[in-house]
Amino acid sequence: MSRPMLPHVVSGVVVAAMLSGGVAFAQRGGGARMSRGAAAGSVSRIGGGDFNRTANFNRNVDADRNVSSNVNVNRSANVNRDVNWDRDVDVNVDHHYGGWGYGCCYNPVGAAAAATAAAVTTAAVVGSVVHTLPPSCEAVSINGFTYQHCGSTWYQPQFSGSAVTYVVVNPPR
Amino acid sequence: MGRYLRTVNAFQIRTQTTRDEVLADGQNIEFGAVVDMIVARPNRLRAEVTSDKQQRLYFDDGKTFSVWARRMNYYATVPAPATLRELADTLADRYNLELPVADLFYWGDTRNTEQIRGAMDIGPSQIDGVTCEHYAFRQDGADWQVWIQQGDYPLPRKLVITTLSDPARPKFTSVMTWNLAPSFNDAAFAFVPPKDARRIMLIQAPLGRDSQ
């Protein structure tokens, strides 16, 4: 009875992964998941008429599926694909997370690269929103605002809440 | 507390926050952040939010609200309303952007108490070595608790919000450290974009949400 017990909830697979140094596996298991919402950060805007627009409920997390049936389609503040290719700094610097400064799910760089590569082969639809840019973009300033010119596609970066997203636009020039 | 907060014209707080994010299968994942904020009522604010995910600075110099993503070096500006309370409303309603610890700009307002359906005084509690009174409230959509400093300075020292609309009941916590005699000058609230910063839009929330 005095024998220390391991928590039962930890599965053998996870334990094995951790013990073998596979912590990245454990951490990034979340990358395939989506967040369905987050805790409200303010009580003053909860309740009554404010309720539905207050907290981060019903946010669509999966950025790349901008056409999901989720109500707040354009609000897909919370990002699942968070590797920002446009950064001139370290890849994990900013995860473009949700409108409230939080988000979930890491994505291994490899997976994001694969997703990006897949995306490149399809024409980007004007108006679609992504949370990462393909590689090799050129930042261009037009009429005081910034665009990213990536191959033949133009993206306009924007704050969607506190998150930075990129909407595909017609060539601005 | 609310009435007292209204009398504090300038303050600086540093708060450690945690927030649960609910995965699609209902698992809660907690993310932390630190917020440093200087406020000068009625309408000036500077807040820096540093989380595992983001680094954001928010400025209200009394005329213009700016948000700057420091690491990506994007920024956006919009006109600021007359008070921070209105700013919090405008940002949330129009831009789906929640100011950090936004409750500080609402408390002391009768509208809040209308939402409360139940209240309990739990008793004394120590937060960071300060004796507080611990209260628990219920309202539609949330249970929440606040720890208010005892004595002449009834400041909120801790806030916990449990969101009830999600069966996973994600939680937000904020533990606040106060400075009621902050030193600052006007420049603290003014955002001067770095030379290489790039301006982008702060996009408006879809109408459907706004009209609710």
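Let me begin with C132(B), which is buried, its relative accessible area being 0%, where buried stands for under 20% relative accessible area, exposed for over 50% and partly exposed for what lies in between (1.4 Å probe, protein chains only). Please keep in mind that this is a predicted model, in which local features need pLDDT of at least 70 and side-chain atom pairs count only at pLDDT 80 or more, while totals for chains, interfaces and linings use all residues. Residues are numbered from 1 along each chain as its sequence is written, chains are lettered from A and ligands numbered from 1 in the order in which they are written, and side-chain values use heavy atoms, with hydrogens and water left out.

How many disulfides does a search of the whole structure find? Over all chains there is 1 disulfide, the term being used for a pair of cysteine sulfur atoms within 2.5 Å. That disulfide joins C137(A) to C150(A), with 2.1 Å from S to S, and the link is right-handed, with 110 degrees about the S-S bond. Since C137(A) sits in strand 3 (residues 137-142) of chain A and C150(A) in strand 4 (residues 145-150) of chain A, the pair ties together parts that are 13 residues apart in sequence; strands here are DSSP runs of E with at least two residues, helices are runs of H or I with at least four, and both are numbered from the N terminus. C150(A) counts as buried, at 5% relative accessibility.

Turning to charged pairs, the search of the whole structure finds 11 salt bridges over all chains, a salt bridge being a side-chain nitrogen of Lys or Arg within 4 Å of a carboxyl oxygen of Asp or Glu. One of them brings together the side chains of E98(B) and R19(B), at 3.4 Å from N to O. This pair links distant parts of the chain, 79 residues apart, with E98(B) in the loop between helix 2 (84-95) and helix 3 (110-114) of chain B and R19(B) in strand 1 (residues 10-23) of chain B. E98(B) is buried at 14% relative accessibility, and R19(B) is buried at 3%.

Within helix 2 of chain B, D89(B) and R85(B) lie 4 residues apart, about one turn of the helix, and they form a salt bridge whose closest N and O atoms are 3.4 Å apart.
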